[in-house]
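Student: Could you walk me through this one? I'm new to it.

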Amino acid sequence: MQINMTSIWQQVLALDARYNTYRAPNNPQFRTLYIRRRSQLLRENAKQGYSPAARKQYLRLRNQLLTQRYGVSLDQSSLRSRSMGARSNSRVTLETSDSFENRIALADSKKLPRRTSMATDEVVPTRLAEASRAMGGDTSISENYAFTGVHHIFDQHKDAVTAVRFANNDKSLLACCSLDGKLSICQLTPPPASVLYILEGHKAGITAFEWSLSNDLILSCSLDATVRLWDAALGRCIRVVEDPLAASVQCCAFQPLNNNMVVVGNSKGMVQVLNVSTGIYLKGGSSKTSGSVLSIVFDSSGQLLWAGDDRGYIVSYLFDLHSGRLTKGKKILVSENNAITCLSARNWASREARDPSLLANCAADAVLLFSIIRKDGTLELKRKFPVKHRSQLAMIRSSFCPIMSFRQGACIVTGSEDTCVYFFDLERENKPCVNKLQGHSATVIDVCFNYDESLLASSDASGMVIIWKREQR
């Protein structure tokens, strides 16, 4: 019952957010202040115990009043019909290959059955592993991801926020980049939340960025055909490297085991390895794909790399840790001419889904989960989750939940064109959506957890970043 009541208040906040562009159009600071105050009041009123029927009636009346006040109807049904438009079927074609054989069963000191990940030889606990279950709170997936309150709202960017990332193993340090050409570093705790730095220097929109492993550096790439390296502690740029083809740089990633090396992908289909210490692109460290490279990701070993392009292909590469040389592995067609806008890799998804996994957002209304079934990066489609994602220009991203491997089930979170944030249980066959957050007024582009999952950040196409906090139990 409490979840239903909370859901209605989220719908009220989402309704206010959708009308916010009509509210004081020449005063964006007031609009943000208004949404923050509305969020606070809704949170306080949720504790009063009003009946669900009364809340639903309030939502209906609120919608009618706002429609009359601004002379336009922006309820969920009209938004949905307007954003979806005409639909066409998309075919998914995948290369097939044999899965790993001779999987090994081990036992821990208490003789509890355990399993190993073939990619890293990690020991993966089973459902009998009480210690790991306790780390996850020993609660259901729906309870784990009941993000109901708004911790803070940022609006320092004047265009779409294309990426948002918490620092590694840090609860409160957050960065986000925008098509306004700026990158900001924010501090969430102790309160009040604040913007520490606004990093300026790119001459066009920033498409992606990454924290270094130790959080001392930030790598950013831009439509201005450059890659920049920033000192995160001082908030200043320490290196600028131009793309050798003068092409816009769409994505970037640090090499997990050697942060002196980074990989970038550009609009001319090139995947390139760059030594950021010297500013030199490495010989043998480049490869051409079939289309504009929109997303790249390493596995945790740093020896496998995948790149997704705007023509619907995912290509795997073997990465030589010593020389930085790239060797092309497998190429699969996911959905013809439908952009692959995000890739995420995970060694193992859960105790019962031990295969290494790759998550991909595709502009064919889908988030796709692949099993990595060979050491050359060959993929096998495992699950498909529906989200609103049709525009080839909407760079929607998703993420594995950080500590899902210690819980019953496994979860991912994704943005969507319908202005909502969705949580999907990877192991639930029927009705896999376990939560939906409403509060944005534009396409939700990126989502990111801090490492202990106490906070979730989501960014949208209007420049707003919402920090959600998990419900306390």
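This is a predicted model: local features need pLDDT of at least 70, side-chain atom pairs count only at pLDDT 80 or more; totals for chains, interfaces and linings use all residues.

Student: Where does E453 sit, and is E453 buried or exposed?

Tutor: Look between β29 (444-449) and β30 (455-460): E453 is in that loop. Buried means under 20% relative accessible area, exposed over 50%, and partly exposed in between (1.4 Å probe, protein chains only). E453 has 0% relative accessibility, so E453 counts as buried.

Student: What is the phi of E453?

Tutor: Most residues other than glycine have a negative phi. E453 isn't a glycine, yet its phi is positive, near 65°.

Student: And A246, is that residue buried or exposed?

Tutor: A246 also has a positive phi, about 55°, although it is not a glycine. You'll find A246 in the loop between β12 (236-242) and β13 (249-255). Its relative accessibility is 61%, so A246 counts as exposed.

Student: Which peptide bond involving P190 is cis?

Tutor: Most peptide bonds are trans. P190 lies in the loop between β7 (182-187) and β8 (194-200). With omega near -5°, the cis bond is the one from T189 to P190.

Student: What is omega for the bond joining P191 and P192?

Tutor: P192 is in the loop between β7 and β8. The peptide bond joining P191 and P192 is cis, with omega about 0°.

Student: How are the rings of Y422 and F424 arranged?

Tutor: Rings of Phe, Tyr and Trp (its six-membered ring) pair if their centres lie within 6.5 Å; planes under 30 degrees apart count as stacked, over 60 as edge-to-face and the rest as tilted. The whole structure has four aromatic pairs. For Y422 and F424, the ring centres are 6.1 Å apart and the planes are at 15°, so the pair is stacked.

Terms used. Residues are numbered from 1 along each chain as its sequence is written. Side-chain values use heavy atoms; hydrogens and water are left out. Helices (H or I, at least four residues) and strands (E, at least two) are DSSP runs, numbered from the N terminus.
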